[in-house]
Amino acid sequence: APLPPPPIGLAVKENTAPPPPPAAPAADTMSAVAAAPSTTDFVALKENSIFLDYRDNVCAGAQLAVANKLCADLEVPTPQAGGNVTKGYVGDLDVGSLKPHTDTYFQGDMCPVNVHWHLGTEHYSYGQYDENGNGPHGTAERPEWANRDLAAAGEKVRGGFHCHHYDEKEEKFTKPYDWKYCTNMEVGETYEVHWPHSSVGDCGTVNQYQTPFYDGVFCNLSMEQFAAIAVDAQNIASNVGVHGQVFTVVNDEQYFYPDMMRGMIIDKQRNMGTDIHYYTGSTTGTSRSNEMCSQYAPITWQVDRQCHMISASSFDKLCQDMLLQRDDMKDDLYPHGSRELVMDSLVANNAADAESLAAAAAAAAAPAAEAA
């Protein structure tokens with residue numbers, strides 16, 4: 001059998017010279033490069049960028065003014081958020097045939113127009129983020145109407161419920177992080193992140209992300225157009241939605257995720273963004289309560305029932321990304337207060353999840369299968 005060809009670099013016919021010595025290792029050079037941190041301040045470069053001049057922001061001031069109203073004074077109650085998203089929960093407010101958007105938002109031509117977060121959670125998922133969770137300053141208790149009292153004494157902004165991850169004996173929950181871009185953040189705390197989406201945002205452009213988020217939601221919609229489409233509430237629920245996902249912040253780079261701008265983190269291997277509660281509700285925040293309702297409704301909510309750990313650096317990277325948008329998003333670089341848990345009577349009765357949607361699809365297909 002013929003001999004195999006010699007390895008590349010070894011002697012061949014009429015070339016008896018020894019192979020060349022190996023190149024000197026570049027480890028020292030690479031180490032020097034790795035040891036020299038980047039000193040470019042990208043946020044500072046924004047000031048002189050021709051692409052990021054806030055005066056070119058076509059969405060500025062696009063928010064349509066819709067004032068809060070006493071819930072008792074609403075002729076037709078509007079479904080509110082955030083509510084209970086525990087598996088099996090359904091609200092008591094009859095919303096007729098109104099349905100949440102249960103496909104991905106991009107399938108509905110919606111894009112994220114903002115990202116912001118709340119101290120603790122506004123939603124409630126029993127066993128994941130509830131009154132039995134914990135954090136550096138405890139958690140919210142059960143309100144009186146459901147054996148809970150949501151008074152969060154001593155906090156500058158009203159906090160919500162907490163996850164169950166926090167352990168003061170583990171360093172990753174207590175070691176301070178040197179925040180460069182986010183403000184008023186704390187390792188060990190629970191935050192509920194919201195990504196508002198809209199089909200009339202300035203999707204795919206430099207103006208896509210806006211603060212306040214209402215400017216992004218209504219960017220390409222006039223009050224007259226809004227009034228016309230709002231005649232059918234389903235038009236709103238099918239064109240405006242929010243992703244909601246809950247995190248406990250840790251000082252541990254194993255939990256670093258580099259891109260929290262685009263929406264809910266979906267990772268099936270880690271059960272992230274897979275156990276979703278769909279329903280129609282409203283905008284949230286501490287200006288609303290069980291007495292004062294938001295009239296920005298009905299919008300779709302897609303809320304992850306699970307709580308996840310995320311590194312502090314992930315949030316800080318998010319805040320840096322926010323500062324690099326054309327619009328000035330500095331008013332969303334800190335946690336906002338949390339609305340009190342919405343009463344059952346104000347939560348829509350159209351909750352859905354993957355199991356209920358699959359069951360409904362099977363039931364709809366059954367007559368066709370029998371006919372065949």
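Asn271 sits in the loop between strand 7 (240–250) and strand 8, where strands (E, at least two residues) and helices (H or I, at least four residues) are DSSP runs numbered from the N terminus. The phi of Asn271 is near 55°, a positive value in a residue other than glycine, and with a relative accessible area of 37% Asn271 is partly exposed; here buried means under 20% relative accessible area, exposed over 50% and partly exposed in between, with a 1.4 Å probe and protein chains only. Asn184, in the loop between strand 5 (162–163) and strand 6, likewise has a positive phi near 55°, and it counts as exposed because its relative accessibility is 64%. Most residues other than glycine have a negative phi, and most peptide bonds are trans.

Two cis peptide bonds can be described as well. One runs from Ala81 to Gly82, with omega near 0°, and Gly82 belongs to the loop between strand 1 (69–70) and strand 2 (111–112). Another joins Thr211 and Pro212, with omega about 0°, and Pro212 lies in the loop between strand 6 (190–198) and helix 3 (213–217).

## Basis of the model

This is a predicted model, in which local features need pLDDT of at least 70 and side-chain atom pairs count only at pLDDT 80 or more, while totals for chains, interfaces and linings use all residues. Residues are numbered from 1 along each chain as its sequence is written, and side-chain values use heavy atoms, with hydrogens and water left out.

The secondary structure of the protein comes to seven helices and 10 strands, and buried residues make up 47% of its 372 residues.

## Strand 8

Strand 8 (residues 276–281) is largely enclosed by the rest of the structure, because six of its six residues are buried. Ile276, Tyr278 and Thr280 point one way from the strand, whereas His277, Tyr279 and Gly281 point the other way.

Strand 8 pairs with strand 10 (residues 299–311) in the antiparallel sense over six bridges, pairing being assigned if DSSP finds at least two bridges between two strands. Within this pairing, Tyr279 stands opposite Trp301 of strand 10.

## Thr78 and its surroundings

Thr78 is placed in the loop between strand 1 and strand 2, and it counts as buried because its relative accessibility is 15%. Its side chain makes a polar contact with the side chain of Gln80 at 3.0 Å and reaches the backbone oxygen of Ser294 at 3.3 Å. A polar contact is a pair of N or O atoms within 3.5 Å; within protein, one must be able to donate a hydrogen and the other to accept it, and residues adjacent in sequence count only if both atoms are side-chain atoms.

Leaving aside neighbours within four places in sequence, Thr78 is in contact (heavy atoms within 4.5 Å) with Leu93, Ser294, Ala297 and Leu346. Across the protein, residues 24 or more positions apart account for 83% of the contacts with a separation of 6 or more.

## The largest pocket

The largest pocket is lined by 24 residues, of which Thr104, Phe106, His243, Met264 and Ile266 lie nearest its centre. A pocket is an open set of points on a 1 Å grid over the protein atoms alone where a 1.4 Å probe fits, with protein on both sides within 12 Å along at least five of seven lines, and lining residues have an atom within 4 Å of a point.
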